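Visitor: I am new to reading protein models. Could you walk me through a feature or two?
Guide: Gladly! Let us look together.

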Amino acid sequence: AMLVNTNISNCAKGLVQVPSCKVSPEQIIVTFDTTAGQDIYEQTVPGVQVSCSQSVDLRIETNSAEEIPLGGDNATVAILDWGRGYGRPGVFNLSGNESRPVPLRVKTRGIDRLGPGVYSGTAIVNVTYD
């Protein structure tokens, strides 16, 4: 089994936060069950939403190329797709008091190199003005 923990935060150093918007749930947990020697191709993450109290164009992104290292190994990663393709940030245009589902998908790369076990990674998700 493999566990991917992604912590959601509306602020990060060096980036303009969007106080009128939030992503929920605050912690997105993605769990893959896999056998040794196989990569997971793709998994949809249900229940992720973005909501804003004011009209805004916003961007949702995490690490470089949307890749989250697993087990502390940069060759083994979970790659996020926020709705515009793997490795690209999500861009959303929301009206005031609008809530919208985020079509988040996750796939892995490099899991086939690992033995059985639980592998996890964490990243801060940044919500900024686009």
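Visitor: How many disulfides does a search of the whole structure find?
Guide: A disulfide is a covalent bond between the sulfur atoms of two cysteines. This is a predicted model, and searching the whole structure turns up one disulfide. Its partners are Cys21 and Cys52, with sulfur atoms 2.0 Å apart.

Visitor: Which parts of the chain does the pair link?
Guide: Distant ones: Cys21 lies in strand β2 (residues 21-24) and Cys52 in strand β5 (residues 49-52), 31 residues apart.

Visitor: Are the two cysteines buried or exposed?
Guide: The cut-off for buried is under 20% relative accessible area. Cys21 has 2% relative accessibility, so Cys21 counts as buried. Cys52, at 4%, counts as buried too.

Visitor: Is the disulfide right-handed or left-handed?
Guide: Look at the torsion about the S-S bond: for Cys21 and Cys52 it is about 110°, so the disulfide is right-handed.

Visitor: Now the sheet, please. What is the order of the strands in the open sheet of four?
Guide: Strands of a sheet pair through backbone hydrogen bonds, either parallel or antiparallel. Here the order is β4-β11-β8-β7, and the pairing is antiparallel.

Visitor: Which strands stand at the edges?
Guide: Those are β4 (43-44) and β7 (67-70). Each has a single partner strand, so one side of each is left without a neighbour in the sheet.

Visitor: How many bridges join β7 to β8?
Guide: Four bridges join β7 to the antiparallel strand β8 (residues 73-81). To see how the two strands line up, find Pro69, which stands opposite Val77 in β8.

How values were computed: Residues are numbered from 1 along each chain as its sequence is written. This is a predicted model: local features need pLDDT of at least 70, side-chain atom pairs count only at pLDDT 80 or more; totals for chains, interfaces and linings use all residues. Side-chain values use heavy atoms; hydrogens and water are left out. Two strands pair if DSSP finds at least two bridges between them. A disulfide is a pair of cysteine sulfur atoms within 2.5 Å. Buried means under 20% relative accessible area, exposed over 50%, partly exposed in between (1.4 Å probe, protein chains only).
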